[in-house]
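Look at the structure first, then read the points by topic.

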Amino acid sequence: MIYNLKTSMTKWKPDYDGAASEMAKAAVAFKNAKQFEQAKDAYLKEAEYHTENKALFHAAKAYEQAGMMLKDMKKMPEAIQLIEKASIMYVENGTSGTAGMALDRAGKLIEPIDLEKAVDLYQKAASVFENEDRLRQAAELLGKASRLLVRLRRLDEAAVSLQKEKNMYKEIENYPTCFKKTIAQVLVHLHRGDFVAADKCVRESYSLPGFSGSEDCVSMETLLAAFDEQDEDVVSRVCNSPLLKYMDNDYAKLAISLKVPGGGGGKKKKPPVAPQGGSAGPTPAEEDDDYEGGLC
């Protein structure tokens with residue numbers, strides 16, 4: 001489709017608004033006909049005309065729609081590039097909330113095929129909402145990034161992300177969610193081999209209203225004490241408790257795969273108690289204990 005943008009004696013400037021409107025209609029027609037390539041091209045022309053007309057919001061919407069056409073064409077990386085471009089224009093237009101939602105949608109689209117890119121998009125979306133002081137949305141998006149970082153085994157970055165999440169939830173006084181983030185932190189730090197950091201997270205959480213004495217608190221105190229004492233039986237019991245097993249799947253997997261350093265995956269043997277006047281070795285029951293204690 002060609003739209004006449006030439007000027008004349010009676011037409012002082014190109015009618016970009018009219019051209020954009022015609023391209024939008026053409027894009028919808030192509031989309032309804034499942035002609036996604038032509039629809040994508042029409043949306044890109046619409047975006048170009050809106051940009052010339054300084055209508056950044058409408059240009060951004062057209063770029064986002066072009067991205068969705070590429071998604072339908074199974075060209076996901078190209079689709080994400082256009083959606084990111086749209087998000088930048090939304091921010092320039094002063095509609096940051098729309099930018100954050102676009103980045104969130106892009107993250108969901110790319111997550112099944114590229115976890116690394118999904119993390120990047122969720123983090124960008126979280127930053128957009130954080131800059132708008134919309135901390136609940138920012139924390140939720142950081143939560144998505146944290147879980148994917150755990151799945152990618154980028155545990156150092158996951159630890160930083162979780163702390164930021166927890167700080168946001170504390171600021172908006174969502175303390176029960178802070179408790180759950182503390183559990184996630186402990187699991188991540190123990191898998192990182194940093195017992196001190198795990199213990200610090202619990203101690204810092206004592207300042208949260210309702211944490212001390214809560215099920216979350218008692219569970220983590222028990223886990224850390226057992227981990228420190230290399231009591232694999234208790235570690236396993238805590239890790240397989242409903243409180244941890246029914247967390248988000250990525251954290252639940254951390255729980256059931258947690259191992260005590262130096263342990264063989266079985267129950268820790270206690271040293272035999274020698275009777276008075278002599279010494280004794282392990283009993284047969286103790287010798288058979290090598291495979292008790294679960295996964296942790």
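A salt bridge here is a side-chain nitrogen of Lys or Arg within 4 Å of a carboxyl oxygen of Asp or Glu. By that cut-off, the side chains of Asp 120 and Lys 124 form a salt bridge, at 3.3 Å from N to O. The model is predicted. A search of the whole structure finds 25 salt bridges, and the structure also holds five aromatic pairs.

**Salt bridges within a helix**

- Side chains of opposite charge can pair when their charged atoms come close.
- An α-helix has 3.6 residues a turn, so residues three or four places apart point the same way.
- Asp 120 and Lys 124 sit four residues apart in helix H6, separated by about one helical turn.
- Asp 120 is partly exposed, at 26% relative accessibility. Lys 124 is also partly exposed, with a relative accessible area of 35%.
- Salt bridges with shared partners join Glu 37, Lys 40, Asp 41 and Lys 75 into one network.
- Glu 22 and Lys 25 make a salt bridge through their side chains, at 3.7 Å from N to O.
- Glu 22 and Lys 25 are three residues apart in helix H1 (residues 16-32), so about one helical turn separates them.
- Lys 25 is exposed, at 53% relative accessibility. Glu 22 is partly exposed, with a relative accessible area of 28%.

**A salt bridge between helices**

- Glu 84 forms a salt bridge with Lys 117, and their closest N and O atoms are 2.9 Å apart.
- Glu 84 belongs to helix H4 (residues 76-93) and Lys 117 to helix H6 (residues 115-131), so the pair ties together parts that are 33 residues apart in sequence.
- Glu 84 is buried, with a relative accessible area of 14%. Lys 117 is partly exposed, at 22% relative accessibility.

**Helix H8**

- Helix H8 covers residues 155-171, 17 residues in total.
- The distance from the first C-alpha of H8 to its last is 24 Å, close to the 24 Å expected at 1.5 Å a residue.
- The buried residues of H8 include Leu 155, Ala 158, Ala 159, Ser 161 and Leu 162.

**Aromatic pairs**

- A pair of aromatic rings is described by the distance of the centres and the angle of the planes.
- The structure's five aromatic pairs include Phe 57 with Tyr 90, whose ring centres are 5.5 Å apart and whose planes meet at 55°, so the pair is tilted.
- Phe 57 lies in helix H3 (residues 56-72) and Tyr 90 in helix H4, so the pair ties together parts that are 33 residues apart in sequence.
- Phe 57 is partly exposed, with a relative accessible area of 28%. Tyr 90 is buried, with a relative accessible area of 0%.
- Tyr 206 and Phe 211 form a tilted aromatic pair, 6.1 Å centre to centre with 50° between the planes.
- Tyr 206 is partly exposed, at 36% relative accessibility, whereas Phe 211 is buried, at 0%.
- Ring pairs link Phe 179, Tyr 206 and Phe 211 into a cluster.

Notes
Residues numbered from 1 in each chain as written. Predicted model: local features only at pLDDT ≥ 70, side-chain atom pairs only at ≥ 80, totals over all residues. Heavy atoms only, no water. Helix = DSSP H or I, 4+ residues; strand = E, 2+ residues; numbered from the N terminus. Buried < 20%, exposed > 50% of the residue type's maximum accessible area, 1.4 Å probe, protein only. Expected span 1.5 Å × (residues − 1). Phe/Tyr/Trp six-rings, centres within 6.5 Å; stacked < 30°, edge-to-face > 60°.
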